[in-house]
Amino acid sequence: MKERPLCNNAVVNLTDRTVDFVEPPEEVLRSFIGGRGLNMHYLYKYLKPQCDPLSPDNVLILGNGILTGTMSPNSGRHNVTCKSPESGIIGDANIGGFLGPEMRFAGVDRLIILGKADRPVYLYVNDGKVEIRDASKYWGLTCSETEARLRYDLGSDVEVEMIGPAGENLVRYACTRYGPKNAAGRCGSGAVWGSKNLKAVVARGNQGLPLANPEGMLNKFNELKDYLKSSKVTQVLGRVGTPLLYDVSNYLGAIRTHNSQQTVFFDTMNAEEVHKYVNKMVGCYGCVVHCRHRNSVGGEGPEYTTEVLLGSNIGVADTRDMIELNNISNELGLDVSSLGTYLAWAVELYEKGYITDKDTGGPLRFGDFETMKKLIYDITYRKGFGDTLAEGSLLVDKYGKETADFLIAIKGLPQSDPHDVRYIKAFALGIATSSRGADHLRSRPTLEILDLPAELTRKVFGQPIDPNPTSYNTKAVVVTVTETILAVADCMGICKFITHCWNSPRNLNYDHFSQLTELATGLKFSKEDLIGVGRRVTDQERLINYQEKGIDRKDDTLPARYFDEPMPSARAKGSHIDREKFAGMLDEYYELHGWDKNGMLPQQRIDELNRLKNLS
Amino acid sequence: MIVKQKQVYCRPALCIGCRICANACAVAHGGTTNPRLGRINVRVNAFQRYEFQELCRHCEDAPCVDACMVGCLEKNEETGVVTNDDRCVGCWMCVMVCPFGGMKRDVLNNMAIKCDQCKDIEGGPVCVQACPTGALVFEEREDSVEEPFFTGPTVA
């Protein structure tokens with residue numbers, strides 16, 4: 001048998017029904033490592049500039065990190081990348097579960113999917129081969145049905161990643177799904193699957209993934225497992241999951257409520273209330289954290305994000321109702337972050353009279369569980385007002401220019417984090433500059449609010465940091481440092497819950513990453529190399545965004561509400577973002593990245609990225 | 001003669017379905033990762049809501065030893081450990097007769113693979129060492145305890 005390449009990419013053309021294999025040259029591999037980095041490289045290479053995201057010209061990439069499927073802790077993740085049909089810029093989301101590792105065991109590290117199939121198909125990845133198979137009989141099924149039918153037909157040991165009816169019906173914020181919980185949620189990748197007539201990717205891998213140093217890897221895993229398990233944050237995440245953050249934000253008065261018109265909500269979403277509905281906590285591939293709730297309502301979840309976006313943001317206060325909406329959205333394959341924001345936006349427009357019963361077919365109110373539930377089904381199956389709402393942020397000025405100000409979105413992507421960012425300024429800068437739109441998983445700079453000792457923050461960020469979360473000083477440094485390490489974690493295929501700078505300074509940092517990469521693959525990366533890769537990935541995303549939609553300084557901004565309306569209640573009362581000081585933070589951020597005042601990359605970097613593009 | 005022996009036991013209530021045990025086994029015995037090549041069969045289905053391990057129990061009267069036509073399966077009289085060797089021809093008879101799903105198949109090399117309790121590895125079974133929640137234990141039990149599938153909302 002031919003020796004397995006370190007990175008084996010399959011280019012699948014659905015139009016011509018061909019499969020080719022390409023390997024990245026060593027320089028490209030060292031420049032982008034894998035996962036999100038290489039995905040961005042191939043997106044830049046294969047995407048037809050300024051194409052319609054739902055046309056066959058769009059590219060869909062499922063790419064594993066370099067550590068995915070190895071013996072590293074929490075190494076079950078891969079990235080799903082395309083041009084987003086929701087925002088028109090890069091669409092990229094990280095997903096856990098078991099499909100990524102299984103693809104690697106089947107000998108394929110990345111699927112680059114081009115063109116459009118003439119009828120529903122699924123991809124079957126097995127023993128170094130990728131087959132395009134007919135999926136007519138699975139089309140129209142929900143996520144659980146699809147998985148059950150495919151496992152019935154192919155054997156119970158296959159792993160399935162798929163789209164639900166929302167993706168098939170081209171809802172612009174449909175997500176890619178694995179199992180009852182895992183989703184490559186953001187940016188509407190599900191609609192791209194749907195537009196390509198691709199229902200699922202199925203993998204069965206019998207090959208072993210060779211390690212450069214198996215014994216060392218096993219010892220390292222045991223060492224890191226004990227190290228991570230002794231962290232308080234890991235223990236709490238394993239016990240109650242992310243809902244632990246609800247109480248904190250609510251106490252502060254920074255929970256997005258009623259489309260960010262209010263900032264405090266009921267205690268019914270607290271972790272202990274949610275926990276009454278939890279049967280067991282489970283994990284993804286190689287997980288030492290286990291943050292997935294198996295709920296007694298019949299699904300998995302909710303995360304903190306869902307609690308707020310399908311709870312307080314649309315006024316649903318009953319814990320069980322919120323969990324039910326979470327389960328329904330997961331089963332249909334919708335991105336809850338975008339969904340909850342659009343629903344709340346529609347209700348506010350209705351309350352303010354911008355839309356009427358004639359548009360909606362009935363009254364919309366905050367807290368009206370039954371209407372919301374019906375609307376979620378209507379969006380998925382594109383009925384009535386749901387059909388309109390399924391277009392997402394493309395609607396933004398359909399009902400008048402000023403209605404755009406009520407939509408909590410940046411660069412066309414609604415805000416995912418439940419935290420109202422008017423209080424924590426670094427967070428505000430983080431979501432404003434995030435490459436895929438208003439998203440907290442690109443930087444999430446919250447380490448500084450933990451009130452850590454000065455010498456520790458200096459060690460983490462390389463310079464003294466103002467510990468006051470409401471100050472604008474040095475926050476650009478916090479965002480840049482966090483953004484870079486999270487980009488590297490995505491390239492590695494490691495979960496962010498065990499990544500340094502995410503909630504805890506104690507988690508895996510660059511040194512751990514370089515040790516693990518060497519043990520797994522034999523490739524040596526210094527800390528400086530890894531930081532360089534993180535910066536390069538951020539720059540590559542910026543370049544694609546500029547190419548697709550001319551994204552620059554004017555787009556690195558916040559929803560008008562965050563600037564103009566002070567927060568109404570609790571400790572955070574009166575906080576808002578000052579436009580001038582925000583511009584100052586932005587200048588500092590650009591300077592740290594080496595970009596110009598307008599947020600543009602230097603020509604030298606553009607040349608480098610173009611050279612790498614032509615290299616592979 | 002019945003030998004009292006330590007066994008690897010699974011506690012499904014604590015299992016989170018991460019497959020680290022099987023993966024560690026594959027790394028320790030083959031140098032490559034893939035839970036499928038580990039000697040433990042981790043059964044996971046998130047939609048049908050179960051996760052547990054099928055593992056070799058080193059039976060007193062092991063059916064696999066009887067069924068093996070090559071004679072490569074053997075039960076050690078002193079330690080009670082049942083082991084396989086590389087004369088295996090991949091007829092899968094042992095897989096067929098095992099009532100506990102303890103035999104696994106390496107379909108690429110056409111060999112049956114099975115637990116040897118890491119008899120040559122210092123520190124005992126690697127699966128037990130690697131399990132992040134303590135769902136696997138290596139102990140001597142007087143009688144088989146019925147392990148619950150769910151204890152409560154949280155695990156270790």
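**Reading the model, feature by feature**

Author: Let us begin with a single residue. A:K411 counts as buried because it has 26 C-beta neighbours inside 10 Å; a residue is buried if 20 or more other C-beta atoms lie within 10 Å of its own, exposed if 12 or fewer, and partly exposed in between, with C-beta atoms placed from the backbone. This is a predicted model, in which local features need pLDDT of at least 70 and side-chain atom pairs count only at pLDDT 80 or more, while totals for chains, interfaces and linings use all residues. Residues are numbered from 1 along each chain as its sequence is written, and chains are lettered from A and ligands numbered from 1 in the order in which they are written.

Reader: Where is A:K411 placed, and what is its phi?

Author: Most residues other than glycine have a negative phi, and most peptide bonds are trans. A:K411 has a positive phi of about 55° although it is not a glycine, and its place is in the loop between strand 17 (409–410) and strand 18 of chain A. Helices (H or I, at least four residues) and strands (E, at least two) are DSSP runs, numbered from the N terminus. A:L170 is another residue other than glycine with a positive phi, near 55°. A:L170 lies in the loop between helix 5 (165–168) and strand 10 (176–178) of chain A and is partly exposed, with 19 other C-beta atoms within 10 Å.

Reader: Which peptide bond is cis?

Author: The bond from A:G301 to A:P302 is cis, with omega near 5°. A:P302 is in the loop between strand 16 and helix 11 (304–309) of chain A.

Reader: How is a helix examined, and which residues of helix 7 of chain A are buried?

Author: An α-helix has 3.6 residues a turn, so residues three or four places apart point the same way. In helix 7 of chain A, the buried residues are A:P214, A:M217, A:L218, A:K220, A:F221, A:L224 and A:L228. Seen down the helix axis, the buried residues of helix 7 of chain A fall within an arc of 165°, so they line one face; the arc is that of the directions from the helix axis to the C-beta atoms. The face turned away from this buried side carries the exposed residues A:E223 and A:D226. The cover over the buried residues includes helix 8 (232–240) and helix 20 (510–521) of chain A, together with helix 1 (20–30) and helix 4 (126–130) of chain B.

Reader: How many residues of helix 19 of chain A are buried?

Author: Helix 19 of chain A is mostly covered, with 18 of its 18 residues buried. A:G493, whose phi is positive, near 85°, follows helix 19 of chain A.

Reader: How many residues of chain A are in contact with chain B?

Author: The size of an interface is often given as the accessible area lost when the parts come together. Here residues are counted instead: 40 residues of chain A are in contact with 31 residues of chain B, where two residues are in contact if their C-beta atoms, placed from the backbone, lie within 7 Å. Helix 7 of chain A gives the most to the side of chain A that touches chain B, with seven residues. Two bridges also join strand 13 of chain A to strand 2 (residues 32–33) of chain B, and these strands run antiparallel. Within this pairing, A:L209 stands opposite B:T33.

Reader: What share of chain A as a whole counts as buried?

Author: Of the 616 residues of chain A, 61% count as buried. The secondary structure of chain A comes to 24 helices and 18 strands.

Note on methods:
Two strands pair if DSSP finds at least two bridges between them.
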